[in-house]
Amino acid sequence: MIKYKVLLAFCVLVTSFCVLFIATPLSSSSTDIDSTGIKTIKPRKRANYSVRMNADIAYHKMGNKELKLHLLIPDDDKNESKPLIIFIKGSSWGKYKPQDTFEFIPQLVHFAKNGYVVASIEHRTSHEATFPAQIQDVKTAVLYLKEKAEEYQINPDLVGVWGTSSGAHLAALLGTSCHVPELEGTKTKLTSNYNSCVQAVVDWYGPTDFLQMNKTSKEYNAEEPKSAESMLIGGPIQQNKDKVSKANPITYVTAKSPPFLIMHGDKDKRVPFNQSELLYEALKRKNVDATLYKVKGGGHGSGFSNPEIIDIVHAFFDKHLKM
């Protein structure tokens, strides 16, 4: 008797599942099938833009050397101006090789699809020129893009900068040194009607005060004469403290500095976490809008591909650049 009751219950369960399956078909309501069996799909409207890429745009020339950038431009019918994100790829300021300005393009496309013009820019390496050449190049790129705002559909009043490692050092320095004449390129100082100010900064694991890197780092010695930091400055950092101070974004922090989003891995063996802490504390002392995220288990770049981290960056730029 029990066997028959179990069999009956099983049949009822199967029948109920079949009714549910028929009532709720797998196909989306956006797909129709006509009498011939041909399927027609009605794509839902999405906010995402299609994106076109303009690569290898020369933004500045010095002798035979051209500095280039790549642009991601959202396509729309209205051709309205859009906020700009400038990305600076880390490279130890080019100690080992120049930046790979294409490497981060796939991640940047996500931002272009959501209505940002995005520029990935290069600067001179420390072999080609010592500091402040690198920040002068970055500022020159900012001015170039602002001057070309109409052509590239950019809103020159809504500019953010984002950098990784040495690129984050330059991004932070760009953010805090808006009105520091000695860090501007000579040519652009004399000819541009714009300034190099930006409205938001994202700093991923960038160095700040080179003289304090060794206090918490056992794996990397920034004080060596051939370290990336010493090569950038043009000599051992302990023997060139004035130059190190001029390269430190903290030197220029004021109450008018733009909002900062700082993210740094707690397992970073190349740039110690204290570098981001020092910058964060300096910004907070001046009541600047600053947020510091410690990425648990994150190394020098590793652990930052998590979509949650990219979403935080996106929300930060949306908050400060999309008015």
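Predicted model: local features only at pLDDT ≥ 70, side-chain atom pairs only at ≥ 80, totals over all residues.
Figure 1. Ser 126 belongs to the loop that runs between β6 (117-121) and α3 (133-147). When residues up to four places away in sequence are not counted, Ser 126 touches Trp 93, Gly 94, Lys 95, Gln 134, Met 231 and Leu 232. Pro 132 is found in the loop between β6 and α3 as well. A cis peptide bond, with omega about 15 degrees, joins Phe 131 to Pro 132. Most residues other than glycine have a negative phi, and most peptide bonds are trans.

**Figure 2. The whole chain as a setting for the close-up views.** Ten helices and ten strands make up the secondary structure of the protein chain. The chain has 323 residues, of which 50% count as buried. Among its contacts between residues at least 6 apart in sequence, 73% join residues at least 24 apart.

**Figure 3. The largest nonpolar core and the contacts of Phe 210.** The largest nonpolar core holds 53 residues, and Leu 71, Leu 145 and Phe 210 touch the most other members. Helix α3 supplies the largest share of this core, six residues. Another core, of 26 residues, lies apart from it and includes Ile 85, Phe 104, Leu 108 and Val 202. In soluble globular proteins, nonpolar side chains tend to be buried together. The contacts of Phe 210, not counting residues up to four places away in sequence, are Trp 93, His 169, Ala 222, Glu 229, Leu 232, Ile 233, Ile 237, Val 244, Ala 247 and Gln 275.

**Figure 4. Leu 211 in its loop.** Leu 211 is placed in the loop between β8 and α7 (228-233). With a relative accessible area of 22%, Leu 211 is partly exposed, because a residue counts as buried under 20%. Leaving aside neighbours within four places in sequence, Leu 211 is in contact with Glu 223, Ile 237, Gln 238, Lys 241 and Val 244. Leu 211 and Val 244 are 33 residues apart in sequence, and their C-alpha atoms are 7.6 Å apart in space.

**Figure 5. Strand β5 and its paired strands.** Seven of the seven residues of β5 are buried, so this strand is largely enclosed by the rest of the structure. Strands β5 and β7 run parallel and are joined by six bridges. Ile 85 has Gly 160 of β7 as its bridge partner. Strands β5 and β6 also run parallel, with five bridges between them. Here Leu 84 stands opposite Val 117 in β6.

Figure 6. Helix α5 is mostly covered, with eleven of its eleven residues buried. Among them are Ser 166, His 169, Leu 173 and Thr 176. Thr 176 lies in α5, which comprises residues 166-176, and has a relative accessible area of 7%. Apart from neighbours within four places in sequence, Thr 176 is in contact with Pro 249, Tyr 252, Val 253, Ser 257 and Phe 260. Ser 165 lies in the loop between β7 and α5 and counts as buried at 12% relative accessibility. The phi of Ser 165 is near 55 degrees, a positive value in a residue other than glycine.

**Figure 7. Asn 287 in the loop between α9 and β10.** Asn 287 is found in the loop that links α9 (274-285) and β10. The phi of Asn 287 is near 60 degrees, a positive value in a residue other than glycine. Asn 287 is exposed, with a relative accessible area of 71%.

Figure 8. Helix α10 covers residues 307-321, 15 residues, and reaches 21 Å from its first C-alpha to its last, close to the 21 Å expected at 1.5 Å a residue. Its buried residues are Ile 309, Ile 310, Val 313, His 314, Phe 316, Phe 317, His 320 and Leu 321. They cover an arc of only 160 degrees around the axis and therefore lie on the same side of α10. On the other side of α10, Pro 307, Glu 308 and Lys 319 are exposed. The buried residues of α10 pack against β5 (82-88), α2 (105-113), β7 (154-164), β8 (200-204), β9 (260-265) and β10 (290-295). At the start of α10, a side-chain oxygen of Asn 306 comes to within 2.8 Å of the backbone nitrogen of Glu 308.

Key. Residues numbered from 1 in each chain as written. Heavy atoms only, no water. Helix = DSSP H or I, 4+ residues; strand = E, 2+ residues; numbered from the N terminus. Expected span 1.5 Å × (residues − 1). Buried < 20%, exposed > 50% of the residue type's maximum accessible area, 1.4 Å probe, protein only. Arc of directions from axis to C-beta. Contact = heavy atoms within 4.5 Å. Polar contact = N/O pair within 3.5 Å; in protein donor to acceptor, adjacent residues only side chain to side chain. Core = buried A, V, L, I, M, F, W, Y, C linked by side-chain atoms within 4.5 Å. Pairing = 2+ DSSP bridges.
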